[in-house]
Amino acid sequence: MKIKQHLFRNGTWKDYPSDLTAETCQLVLVFSSSECVVEPEIFAHLKKAYPTANIVFSSTAGEIINDTVYDNSVTVTAIELEKTTVKCVKTNIKDHANSFETGNYLMKQLAGDDLNCIFIISDGTFINGSELVDGFNKDNKNNVCLTGGLAGDGARFEKTFTGLNENPTQGNVIATGFYGKDIVIGHGSFGGWDEFGHERVITKSDKNVLYEIDNKNALDLYKQYLGDYVKELPGSALLFPLSIRINGSDKNLVRTILSVNEEDKSMTFAGNLPEGSTVRLMKANFDKLIDASSTAAENAFSPIKGGKPDLAILISCVGRKLVLQDRIDEEVQSARDVLGNDTAITGFYSYGEISPFNGSVQCELHNQTMTITTFTEL
């Protein structure tokens with residue numbers, strides 16, 4: 001595997017050294033702020049540089065390259081695989097009945113006996129991430145590894161942009177399939193948040209909209225815990241996600257709030273919250289958040305016996321970025337310390353992370369985690 005990376009910032013391109021051949025590059029990953037990613041000049045520049053590659057775009061809430069986090073930039077990672085076939089497919093949620101059907105459609109488009117892994121880049125505002133993942137899972141009979149993330153838009157939650165081989169627009173989901181036995185995929189996902197307060201039961205919800213907890217209004221109950229942070233809703237909700245255990249599961253997911261509705265006292269989350277599930281509030285522990293990045297990295301390259309991955313894609317939640325603030329580079333550096341200096345690192349801050357649980361094959365939507373996917377060609 002050969003990799004070449006570029007950084008566009010303050011009107012200038014920086015090219016990192018590499019022996020990758022542009023004409024034989026199969027895949028280019030572009031992670032960029034919402035303002036930059038839609039500029040036609042960016043696509044035109046990359047299409048000229050990599051004329052035969054599939055170019056996948058995602059807007060972000062922060063861009064990662066090597067061991068640094070940027071804002072208002074464009075990070076580019078071009079990938080040339082020697083033995084592995086790559087196929088990219090795109091669809092728009094407007095062309096399907098719902099998010100579930102969107103995911104299921106893409107899964108069927110990529111199906112194949114030698115399909116090894118699917119990497120998903122999804123719109124982050126129109127999509128219900130839980131249902132999208134369920135759609136992919138439905139016909140994943142060979143337990144193909146599914147990872148990826150939902151596009152971001154800073155802390156604004158207004159518009160996200162994704163695209164494949166064209167200027168990015170809203171509502172798109174892009175899935176990239178990797179085929180063959182010569183590529184090894186690793187994954188790790190970890191949060192590091194502290195739970196607090198009583199465990200409570202969701203008594204009224206509709207998919208990803210939460211109305212009642214313990215038969216009490218959910219928003220009013222939530223506000224009791226926020227104190228002075230109430231004045232900063234919905235943005236401050238990123239600092240206090242919910243831990244959810246769905247209907248007797250032994251694993252906890254994290255759900256982050258996207259918006260609040262003062263009229264009906266509801267909260268909309270990035271993923272589903274089924275009735276009967278139990279929830280607890282969470283709060284940040286700075287050192288645990290940073291250590292979680294190390295744990296995710298360790299889990300992500302465990303399938304590689306005696307070696308380090310060629311490429312690591314880090315997808316972390318915008319909520320973690322808002323909490324860590326000036327310490328945000330420490331989260332990425334923590335992963336770098338584990339992965340080593342020879343591993344190319346790219347990624348972004350997202351509105352949701354897609355990965356199996358550690359040690360599991362069933363894919364889930366996560367929030368407020370550091371999720372790492374590693375790629376190594378044998």
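In this predicted model, the second largest pocket has a volume of about 160 Å³. Its lining is made up of 16 residues, and those closest to its centre are Ala61, Gly62, Asp71, Gly154 and Lys321. Two helices, α1 (34–37) and α7 (318–324), each supply at least two residues of this lining, and α7 gives the most, with three residues. When the residues that line the second largest pocket are sorted by class, four are nonpolar, six are polar and six are charged.

The largest pocket holds about 320 Å³ of space. Its lining consists of 16 residues, of which Ser189, Phe190, Gly191, Asn252 and Phe357 lie nearest the centre of the pocket. The elements that give two or more residues to the lining of the largest pocket are the strands β13 (183–190) and β18 (253–255). By class, the lining of the largest pocket divides into six nonpolar, eight polar and two charged residues.

Rolling a probe the size of a water molecule over the atoms shows where empty space is left. The structure holds two cavities of 30 Å³ or more, and the largest cavity has a volume of about 120 Å³. The largest cavity is lined by 13 residues, with Arg200, Leu221, Tyr225, Leu242 and Leu281 lying nearest its centre. Strand β14 (194–206), helix α5 (218–226) and strand β21 (278–283) each supply at least two residues of this lining. Nine residues of the lining of the largest cavity are nonpolar, while two are polar and two are charged.

The second largest cavity has a volume of about 40 Å³. The residues that line this second cavity are Glu195, Glu199, Ser243, Ile244, Arg245, Asn252, Thr278, Val279 and Arg280. At least two residues of the lining of the second largest cavity come from each of β14, β17 (242–245) and β21, and by class this lining has two nonpolar, three polar and four charged residues.

Strands of a sheet pair through backbone hydrogen bonds, either parallel or antiparallel. Five bridges join β14 to β21, and these two strands run antiparallel; in this pairing, Val201 has Thr278 in β21 as its bridge partner. Strands β17 and β21 likewise pair in the antiparallel sense, over four bridges, and Ile244 stands opposite Val279 in β21.

Two packed helices are described by the angle between their axes and the distance between the axes. Helix α3 (residues 99–110) and helix α4 (residues 129–138) pack at an angle of about 35°, with their axes 6 Å apart, and the crossing of α3 and α4 is right-handed. On the side of α3, the residues in contact are Ser99, Phe100, Thr102, Gly103, Asn104, Leu106 and Met107, which meet Glu131, Leu132, Asp134, Gly135, Phe136 and Lys138 in α4. The residues of this contact divide into five nonpolar, five polar and three charged.

Key
Residues numbered from 1 in each chain as written. Predicted model: local features only at pLDDT ≥ 70, side-chain atom pairs only at ≥ 80, totals over all residues. Heavy atoms only, no water. 1 Å grid on protein atoms, 1.4 Å probe; cavity = no way out; pocket = protein on both sides within 12 Å on 5 of 7 lines; lining within 4 Å. Points joined across faces, edges and corners; volume = space filled by probe spheres on them. Nonpolar A, V, L, I, M, F, W, Y, C, P; charged D, E, K, R; others polar. Axes fitted to C-alpha atoms, helices over the stretch in contact; angles between N-to-C directions. Left-handed = near helix turned anticlockwise from the far one by under 90°. Contact = heavy atoms within 4.5 Å. Pairing = 2+ DSSP bridges.
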